Amino acid sequence: MSPYLFSRYIRELLGVISESGVGCKRTGQFVNILAYADDIVLIAPSWKGLQKLISLLHVHSGIINVTCDVDKTVCMMVPPKRYDKVISQVFPTFKLGNMDLKYVQSFKYLGHIITNKLSDDDDIMREVRNMFVRTNILFRRFHKCSIKVKILLFKSYVICLYDAALWRRYKVPSAAELSSCYHKCMKYFFGYNRFDSVTMMLLETGLPTFDTVLSNCRVIFDKCVHMCDNMLVRYMCA
């Protein structure tokens, strides 16, 4: 209940910012703030616009006795795709009250790594590391279990790419690295040799191919979006 209750508590704050008239348009839908409990993102098309939203956040958060953690509050500038549209490479520091906010090239929001290049390569590599970690934990604790139990554990704790449906811009080597990681983890956990056939392993275990895992993630995500009553979510994911 805590995320829901907190969002109700800061509802007036969200309303002040969303009705400020400063923000961006996505497929015709105006948006300047995204909030999940206390994980809040402000979006503006210019430095001046974002500074205005930050100032509104600072003033109205003080009214409801909410404090922004400067150590966790960061700013990111996303450059235009066309170089002739770039105004400057250096911008003034944003101010939250009398405190400076630092610039970053990437940050993790709700578990997903976002970069100023709008590339998903860093998030894919994060998933590669996590997949190895999860497989090692399972192997240490459950390597003596039956094959049926292992298959259930592998499906539940290794094939859990909950944000894979968000991957849209990435390099082919990054996807190949994750696919290779998937096969290595499978061989390690189920006791196959390094040079054993991947096709044979998939047939014997009944586990899906890596491409099938990604396709299932995207299908489930698209289905959830289409069933969502929040029109903003549907516009943002269009």
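**Helix pairs and their labels**

Reply: Start with α2 and α3: their crossing is right-handed. This is a predicted model, where local features need pLDDT of at least 70, side-chain atom pairs count only at pLDDT 80 or more, and totals for chains, interfaces and linings use all residues. Residues are numbered from 1 along each chain as its sequence is written, and side-chain values use heavy atoms, leaving out hydrogens and water.

Me: Why are α2 and α3 called roughly antiparallel?

Reply: Helix α2 (residues 11-18) and helix α3 (residues 47-63) pack at about 155 degrees. Angles over 145 degrees count as roughly antiparallel. Therefore α2 and α3 are roughly antiparallel to each other.

Me: Which residues meet between α2 and α3?

Reply: Leu13, Val16 and Ile17 in α2 meet Leu53, Leu56, Leu57, His60 and Ser61 in α3. Contact means heavy atoms within 4.5 Å. By class, 6 are nonpolar, 2 polar and none charged.

Me: How do you know that α4 is roughly antiparallel to α5?

Reply: Helix α4 (residues 121-142) and helix α5 (residues 147-157) pack at about 155 degrees, with axes 11 Å apart. That makes α4 roughly antiparallel to α5. Their crossing is right-handed.

Me: Which residues of α4 and α5 meet?

Reply: Arg134, Leu138 and Phe142 in α4 meet Lys150, Leu153 and Tyr157 in α5. This contact has 4 nonpolar, no polar and 2 charged residues.

How values were computed:
Axes fitted to C-alpha atoms, helices over the stretch in contact; angles between N-to-C directions. Helix = DSSP H or I, 4+ residues; strand = E, 2+ residues; numbered from the N terminus. Parallel < 35°, antiparallel > 145°, perpendicular 65-115°, else oblique. Left-handed = near helix turned anticlockwise from the far one by under 90°. Nonpolar A, V, L, I, M, F, W, Y, C, P; charged D, E, K, R; others polar.
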